Amino acid sequence: MHIFPQLRKLERKYASELMVVGVHSAKFPNEKEKENLYKAVKRCELEHPVVNDAEFQIWQQYACRAWPTMMFVDPEGKVIGKHEGEITFEDLDHLLGEMVAEFDASGLLNREQVAVTVEAEPATPLSFPGKVLADEASGRLFIADTNHNRIVVASLDGQVSQVFGSGLEGLDDGDRQSASFNHPQGMALNGDYLYVADTENHALRKIDLVAETVETVAGNGRQGNRRSGESPGSDSELNSPWDLVFHEDKLYIAMAGCHQIWVMDLESGMVGPYAGTGVESIKDGALSEATLAQPSGITTDGERLYFADSETSSIRSAELQPNGKVRTIVGLGLFEFGDRDGEGHLVRLQHPLGITIKDGTLYITDSYNHKIKEIVPVPRRSTTLAGAGSAGHMDGFAGEAAFSEPAGLSIAGGRMYIADTNNHAIRVADMETWEVKTLELAWPD
């Protein structure tokens with residue numbers, strides 16, 4: 001999915017020359033279901049046809065070995081190239097430019113466009129909200145209204161007070177109406193400043209909630225591939241920052257695109273990797289030697305970072321000290337997943353995306369199982385708290401409630417606020433009774 005922004009740019013630039021056909025060969029069972037895939041296509045705003053290769057038939061015919069794999073096919077239908085793994089927009093643009101020139105010169109290029117009908121989601125107040133942050137002290141709720149490219153600020157009972165972002169995709173600083181984001185996700189609050197992981201801009205943004213302004217503090221809009229060393233935020237290229245947590249004048253970043261945890265010193269402005277080599281796998285050990293796999297949610301208790309390592313369906317920790325270590329709490333590997341509560345190695349999750357901590361207990365969105373679970377770090381025990389286990393939208397108590405790929409959660413005042421992404425909703429769970437209700441947002445006139 002980290003390549004989708006580049007593909008969108010290329011599809012727009014080469015609208016008459018390039019035809020993209022997506023082949024979805026799913027790793028996780030949840031992704032194989034037609035309706036879940038359909039939601040993902042709309043969430044990722046894909047404008048090309050997508051084939052559900054649930055049985056890996058096309059994958060095998062094209063001898064694929066990695067996600068993503070790109071096959072290049074000429075105007076006569078012949079496979080002329082293959083690329084495994086991610087690639088920058090600039091490299092793809094250069095390659096496609098040469099191919100267009102070559103096939104244009106030979107008279108093979110047909111610029112007749114193929115009509116593709118894209119069915120849009122019905123208009124809703126929120127669109128695929130990815131993360132949510134509840135602040136009990138100020139009584140505010142911050143919502144990453146991801147596909148509307150904006151940040152919504154409300155009271156804990158849903159009274160909207162501020163909206164930051166024009167709604168257009170972009171990397172523009174300025175006041176709250178003129179600033180722009182590109183599919184923002186996680187947020188962290190420090191006083192009157194809200195920091196935002198502006199995921200598809202590969203940037204970190206800083207919102208001044210009093211002055212109502214937005215500025216970029218790290219990233220320049222280009223997807224980077226650096227995996228070591230630090231640099232000033234303004235000179236850094238980030239890689240799909242997905243979530244943030246603030247601790248002692250530092251922002252810790254779940255950098256999903258390069259499978260690392262990064263850190264930004266807010267005093268010096270320097271940013272760079274904190275944990276993980278950049279290799280996608282699951283290996284515990286020293287911060288600089290451990291391997292992670294698409295960390296997408298992060299929280300802290302002041303002694304350790306805890307993160308949802310999505311592609312390994314695991315929950316892991318990283319110590320907040322220079323010689324610290326990464327340890328796995330639950331989860332075993334890239335292809336070990338499921339839906340099983342219990343302790344230790346018996347626990348199975350399926351692509352968790354959100355995590356928070358309260359009184360030593362971790363709470364997670366087990367996203368592809370459509371559930372909310374608690375993880376007790378010792379004795380590494382998992383328990384389901386809410387969610388029916390299949391996609392749906394139903395209020396009710398505990399297992400009666402239904403979610404659809406919830407991706408973020410936060411706790412304030414004995415209530416858990418949940419970004420129920422595919423339902424375009426914020427859900428609220430009473431943490432004593434585990435009754436789940438849908439939060440009704442009241443928008444200003």
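Here is a walk through this predicted model, from the overall shape down to a few single residues. Residues are numbered from 1 along each chain as its sequence is written. Because the model is predicted, local features need pLDDT of at least 70 and side-chain atom pairs count only at pLDDT 80 or more, while totals for chains, interfaces and linings use all residues; side-chain values use heavy atoms, with hydrogens and water left out.

Let's start with the whole chain. It has five helices and 33 strands, which are DSSP runs numbered from the N terminus (helices: H or I, at least four residues; strands: E, at least two). The radius of gyration is 21 Å, close to the 22 Å that the globule rule gives for 445 residues, so the chain is as compact as a globular protein of that length. That radius is taken over C-alpha atoms, and the rule is 2.2 Å times the number of residues to the power 0.38. Along the principal axes, the C-alpha atoms fill a box of roughly 70 × 50 × 45 Å.

Now for the inside. Of the 445 residues, 56% are buried, where buried means under 20% relative accessible area, exposed over 50%, and partly exposed in between (1.4 Å probe, protein chains only). A nonpolar core is a set of buried Ala, Val, Leu, Ile, Met, Phe, Trp, Tyr and Cys residues joined through side-chain atoms within 4.5 Å. The largest one has 19 residues, and Ile3, Phe4, Leu10, Met70 and Leu92 touch the most other members. Helix 1 (4-13), helix 3 (34-43), strand 3 (69-73) and helix 5 each give two or more residues to this core, with helix 5 giving the most, at six. Leaving aside neighbours within four places in sequence, Leu92 is in contact (heavy atoms within 4.5 Å) with Leu10, Met70, Phe72 and Ile87. Apart from this core lies another, of 17 residues, including Leu141, Val152, Ala412 and Tyr417.

Not counting residues up to four places away in sequence, Asp420 touches Ala402, Phe403, Ser404, Pro406, Ala425 and Arg427.

Finally, the outside. Val114 lies in the loop between helix 5 (89-105) and strand 5 (132-135), and this valine is exposed, with a relative accessible area of 55%. Together with Met19, Val21, Val23, Val51, Val116 and Val118, Val114 forms a nonpolar patch on the surface, with about 550 Å² of accessible area together.

Terms used
Patch = residues over 30% accessible without salt bridge, like charges linked within 9 Å, V, L, I, M, F, W, Y side chains within 5 Å. Areas by Shrake-Rupley, 256 points an atom, 1.4 Å probe, with all protein chains shown as cover. Salt bridge = Lys/Arg side-chain N within 4 Å of Asp/Glu carboxyl O.
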